[in-house]
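Q: I am new to reading protein models. Please take me through the features one by one.

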Amino acid sequence: MAGPTFRGGDQKILGSRGTTGSPDNPQAPFFTPGPLGVGDGSKASIDGAGVNSPPYEFIMLWKERFVAQATDTYLTPMVGFPVEEPGLPDGELMFGQDIRFGTRGGQRKSQSVGTEESDLRKKCARLIEVFAPDDDTGMAKRLMDAFLMKRHTVRLFEDDDMNESIAKHPNFKSFSSLVLSAPGTPGVNTTRVRLHQALKQANWDINAIPFIGDLGILAFNKGDKFWGTEDFATGLGLMINGVQYALVYATSYLYNPMTGTYDLHLRFVFYDVFGLDDDDLDEYGAESGWNVFNSQVGITAWWQLQHQFNYAPLVTRAVVTRKYLNVPAI
């Protein structure tokens with residue numbers, strides 16, 4: 001009998017480029033979904049159930065591949081921001097008004113909580129006390145401090161603690177499970193093609209799957225803004241809240257026809273803008289600094305600094321990896 005054969009190109013398995021990875025997905029019997037919503041391997045798959053490829057033909061991914069993307073449906077693209085991510089058209093992402101800054105904002109809005117720049121800086125900084133009192137990593141303060149440095153160019157902000165917080169977040173775990181949508185995943189929409197369905201249609205060859213561009217976006221907004229709970233106490237609600245872009249890269253893949261399972265490693269890259277637009281001011285701002293919540297004062301001060309005092313916002317970039325092991329190819 002001929003030995004195992006392989007499909008793929010020259011070997012070049014790329015890592016997570018220095019990011020914080022999530023723990024390996026623990027295994028459970030096939031008929032019970034795993035703890036992160038992914039059905040795991042069983043004796044049925046080990047015996048070869050669900051094999052749709054020719055016998056003894058292993059399939060591997062040798063080079064990182066851009067496989068899926070989610071984009072905020074409320075985003076009105078206005079300004080391009082260059083990013084170094086493989087596979088992006090023109091090497092940039094388009095953002096809305098929240099990435100703009102300058103000195104002309106006062107011509108549109110009358111909301112104000114002060115006219116002195118130093119006073120506005122203090123009021124803006126108090127947002128950390130309001131929305132990140134439980135942040136024992138300091139990630140939210142580091143982001144706010146970077147904004148208050150007053151740069152005149154939009155810069156990228158990355159933080160290992162932010163990556164780790166996202167990796168542990170239930171919204172990320174749910175989102176990443178639905179990106180794969182393997183059998184047993186809670187909340188799977190059977191009418192949509194996700195990675196598992198695309199793999200099945202391509203006879204488990206990840207090199208032949210089409211790009212998936214209609215993923216639903218995720219947010220880090222668990223908890224209550226008024227009472228300051230969960231994400232509005234740990235800082236993620238202030239730092240990111242709704243993600244504007246999620247880029248998904250396959251970094252490793254092995255289909256094993258002898259067990260009827262595959263292993264898949266994904267790298268998730270999230271982009272958002274730490275900045276405010278006019279709609280944010282309309283919804284959360286204050287007419288003055290009197291008889292309003294500190295959150296309203298801080299948000300108005302933030303908007304004023306960005307649009308009246310030329311404080312450039314930041315683009316947050318978070319990277320998290322996840323491994324899906326022994327997924328049944330059925």
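Q: How much space lies in the largest cavity?
A: The general idea comes from a probe. Rolling a probe the size of a water molecule over the atoms shows where empty space is left. A cavity is a set of points, on a 1 Å grid over the protein atoms alone, where a 1.4 Å probe fits but cannot get out. Grid points are joined across faces, edges and corners, and a volume is the space filled by probe spheres set on the points. Here, the largest cavity holds about 30 Å³ of space. The structure has one cavity of 30 Å³ or more.

Q: Which residues line the largest cavity?
A: Lining residues have an atom within 4 Å of a point. In this case they are Phe-220, Ile-240, Val-243, Phe-270, Tyr-271, Asp-272, Thr-316 and Ala-318. Strand 10 and strand 11 are the elements that give two or more residues to this lining. Strand 10 gives the largest share, three residues.

Q: What kind of model is this, and how are its residues numbered?
A: It is a predicted model: local features need pLDDT of at least 70, side-chain atom pairs count only at pLDDT 80 or more, and totals for chains, interfaces and linings use all residues. Residues are numbered from 1 along each chain as its sequence is written, and side-chain values use heavy atoms, with hydrogens and water left out.

Q: What counts as a helix or a strand?
A: Both are DSSP runs, numbered from the N terminus: helices are H or I with at least four residues, strands are E with at least two. Take helix 11, residues 294-308. It has 15 residues and reaches 20 Å from its first C-alpha to its last. The expected span is 1.5 Å times one less than the number of residues. Just after helix 11, Asn-310 takes a positive phi of about 70 degrees.

Q: How many aromatic pairs does the structure hold?
A: Rings of Phe, Tyr and Trp (its six-membered ring) pair if their centres lie within 6.5 Å. Planes under 30 degrees apart count as stacked, over 60 as edge-to-face and the rest as tilted. This structure holds 18 such pairs. One of them joins Phe-66 and Tyr-249, at 4.8 Å centre to centre with 25 degrees between the planes, and is stacked. Phe-66 is in strand 4 and Tyr-249 in strand 9, so the pair ties together parts 183 residues apart in sequence. Phe-66 is buried at 15% relative accessible area. Tyr-249 is buried too, at 1%.

Q: What does an edge-to-face pair look like here?
A: Look at Phe-175 and Phe-268: 6.1 Å centre to centre, 65 degrees between the planes. Phe-175 lies in helix 6 and Phe-268 in strand 10, so this pair ties together parts 93 residues apart in sequence. Both Phe-175 and Phe-268 are buried. Ring pairs can also link up: Phe-147, Phe-274, Trp-302 and Tyr-311 form a cluster.

Q: Which charged residue lies over the face of Tyr-249?
A: A charge sits over a ring if NZ of Lys or CZ of Arg is within 6 Å of the ring centre and within 35 degrees of the ring normal. Arg-267 lies over the Tyr-249 face, at 4.6 Å from the ring centre.

Q: Which salt bridges does Arg-267 form?
A: A salt bridge is a side-chain nitrogen of Lys or Arg within 4 Å of a carboxyl oxygen of Asp or Glu. The count here is 11. Arg-267 meets Glu-64 at 2.9 Å, N to O. Glu-64 is in the loop between strand 3 and strand 4 and Arg-267 in strand 10, so the pair ties together parts 203 residues apart in sequence. Arg-267 also bridges to Glu-85, with the closest N and O atoms 3.9 Å apart. Arg-267 is buried at 0% relative accessible area, and Glu-85 counts as buried at 6%.

Technical notes. Buried < 20%, exposed > 50% of the residue type's maximum accessible area, 1.4 Å probe, protein only. 1 Å grid on protein atoms, 1.4 Å probe; cavity = no way out; pocket = protein on both sides within 12 Å on 5 of 7 lines; lining within 4 Å.
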